[in-house]
Amino acid sequence: MFHLRLPALFFLTAAVLNAQQASTPMKIEVRRALPVEEDAAPQPKLPDVATLPRVMPPNRKSVYNHCDVKVPLIAITFDDGPDPVLTPRLLDLLKERHIHATFFLVGKNAAAYPNVVKRIVDEGHEVGNHSWSHPLFTQMSKDSVESQLQRTHDAIVKACGVAPLFYRPPYGAVGVSQKARIEKTFGYASILWDVDPQDWKHPRSAQKVYNAIHSQTRNGSIILCHDIHETTIAAMPATLDDLTARGFRFATVTQLIAFSTPPEEVSPAVPATTTPPALSPSEPTPAVKPTNEVPAPGKVPAPAALPPPAAAGAGKSEEVKSPAAPPPPPPAAVPAQKP
């Protein structure tokens with residue numbers, strides 16, 4: 001009889017322990033931020049994140065897993081949502097800290113919870129395309145991949161009125177030809193990551209999420225998280241506060257890319273002219289650019305540095321002949337005219 005009671009006693013004890021753990025907030029061992037050395041070189045000034053543009057620059061790259069910046073500016077991203085319970089809790093945490101994040105939405109979840117999608121955008125966060133049902137693109141046809149992205153694109157626009165500007169392939173896997181086709185069809189850049197706490201892997205724990213993000217984050221990092229796991233949300237207060245205390249500032253993906261992308265180098269337009277710069281005697285005379293301008297009769301020709309009548313040749317290679325002199329008058333009473 002005693003042996004029969006042992007299993008029941010074991011399960012009862014386990015149930016009590018689980019109930020106590022569920023009612024107790026997850027505790028995370030917070031690491032102290034390293035103090036800045038007094039003789040450290042001065043760091044570049046952080047931009048005002050609120051003023052950073054939220055557009056993808058025309059000279060952007062096709063794929064990003066981090067951004068090359070010299071200031072502690074980072075982007076934190078959340079995949080696979082929205083979740084009807086966990087995502088609103090995360091939004092509350094972000095709002096309390098005035099942090100904007102980027103959410104890569106699964107289309108079927110966006111269609112199921114459009115109110116959460118709208119709240120994400122209304123509170124200043126960005127949304128990206130993460131496929132309709134999270135399949136592995138590399139095992140799919142091009143038409144199936146396009147359907148996954150198009151359905152999700154439409155669901156996001158319907159929910160919040162904002163079209164995504166980029167996507168994240170499920171599992172980070174996409175073929176070279178698929179990537180090129182997606183960029184051509186949707187105009188999407190592919191956003192990967194360089195900080196991965198593997199918050200989806202069992203056994204899950206908030207401490208593991210915190211430790212990985214604490215140790216891996218650097219200037220320009222793109223952090224990968226998932227807002228569908230309880231342990232990830234539980235890790236966020238300590239994680240966000242730790243990064244802020246260490247001097248990091250949060251931007252959305254487009255803001256981070258815009259800040260890291262140098263402006264396009266466009267040569268200034270050179271006004272057309274028929275007057276070349278003055279040359280020293282040792283320099284050869286440049287060829288004169290053709291022009292359709294014909295100087296009006298009686299006007300002074302171009303400056304001396306310009307070869308005389310050739311400038312008015314309108315691109316013709318033949319020599320411009322001077323008008324023939326009038327024939328000499330016959331010996332009469334009228335004197336000859338001076339040419």
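User: Which residues does Ile 76 touch, not counting residues up to four places away in sequence?

Analyst: Ile 76 touches Ala 101, Thr 102, Ile 223, Cys 225, Met 236, Leu 240, Phe 250 and Ala 251. Contact means that heavy atoms lie within 4.5 Å. A word on the source: this is a predicted model, where local features need pLDDT of at least 70 and side-chain atom pairs count only at pLDDT 80 or more, while totals for chains, interfaces and linings use all residues. Residues are numbered from 1 along each chain as its sequence is written, and side-chain values use heavy atoms, with hydrogens and water left out.

User: How far apart are Ile 76 and Thr 102 in sequence and in space?

Analyst: They are 26 residues apart in sequence and 6.5 Å apart in space, C-alpha to C-alpha.

User: Why does Ile 76 count as buried?

Analyst: Buried means under 20% relative accessible area, exposed over 50%, and partly exposed in between (1.4 Å probe, protein chains only). Ile 76 has 0% relative accessibility, so it counts as buried.

User: How do you know which strands pair with strand 2, for instance strand 7?

Analyst: Two strands pair if DSSP finds at least two bridges between them. Strand 7 (residues 222-226) runs parallel to strand 2 and is joined to it by 5 bridges. Strand 8 (residues 249-250) also pairs with strand 2 in the parallel sense, over 2 bridges, with Phe 250 as the bridge partner of Ile 74. Strand 3 (residues 102-105) pairs in the parallel sense over 3 bridges.

User: What is the handedness of the crossover from strand 2 to strand 3?

Analyst: The chain passes from strand 2 through helix 2 (residues 86-96) to strand 3, and this β-α-β crossover is right-handed. The term applies if, with the strands pointing away from the viewer, the path from the first strand over the helix to the second runs clockwise.

User: What covers the buried residues of helix 2?

Analyst: The cover includes strand 2, strand 3, helix 4 and helix 8. The buried residues of helix 2 are Leu 86, Thr 87, Pro 88, Leu 90, Leu 91, Leu 93 and Leu 94.

User: How many residues are in the largest nonpolar core, and which have the most contacts inside it?

Analyst: A nonpolar core is a set of buried Ala, Val, Leu, Ile, Met, Phe, Trp, Tyr and Cys residues joined through side-chain atoms within 4.5 Å. The largest one has 37 residues, and those with the most contacts inside it are Ile 76, Phe 78, Phe 103, Leu 105, Ile 213, Ile 223 and Met 236. Helix 8 gives the most to this core, with 6 residues. A second, separate core of 18 residues includes Met 56, Val 71, Phe 166 and Ile 257.

User: How many disulfides does a search of the whole structure find?

Analyst: The search finds 0. To count, a pair of cysteine sulfur atoms must lie within 2.5 Å. Cys 67, at 2% relative accessibility, counts as buried, and so does Cys 225 at 0%.

User: Why is Tyr 171 called exposed?

Analyst: Tyr 171 has a relative accessible area of 56%, which is over the 50% limit, so it is exposed. Tyr 171 lies in the loop between strand 5 (166-167) and helix 6 (176-186), and its phi is near 65°, a positive value in a residue other than glycine.

User: What kind of peptide bond runs from Gly 81 to Pro 82?

Analyst: That bond is cis, with omega near 5°. Pro 82 sits in the loop between strand 2 and helix 2. Another cis peptide bond joins His 202 and Pro 203, with omega about -5°.

User: What is the mean pLDDT of the protein?

Analyst: The mean is 79, and 66% of the residues reach 70 or more. pLDDT is the predictor's confidence in each residue, from 0 to 100. Where pLDDT is low, the predicted coordinates should not be read in detail.

Methods
Helix = DSSP H or I, 4+ residues; strand = E, 2+ residues; numbered from the N terminus.
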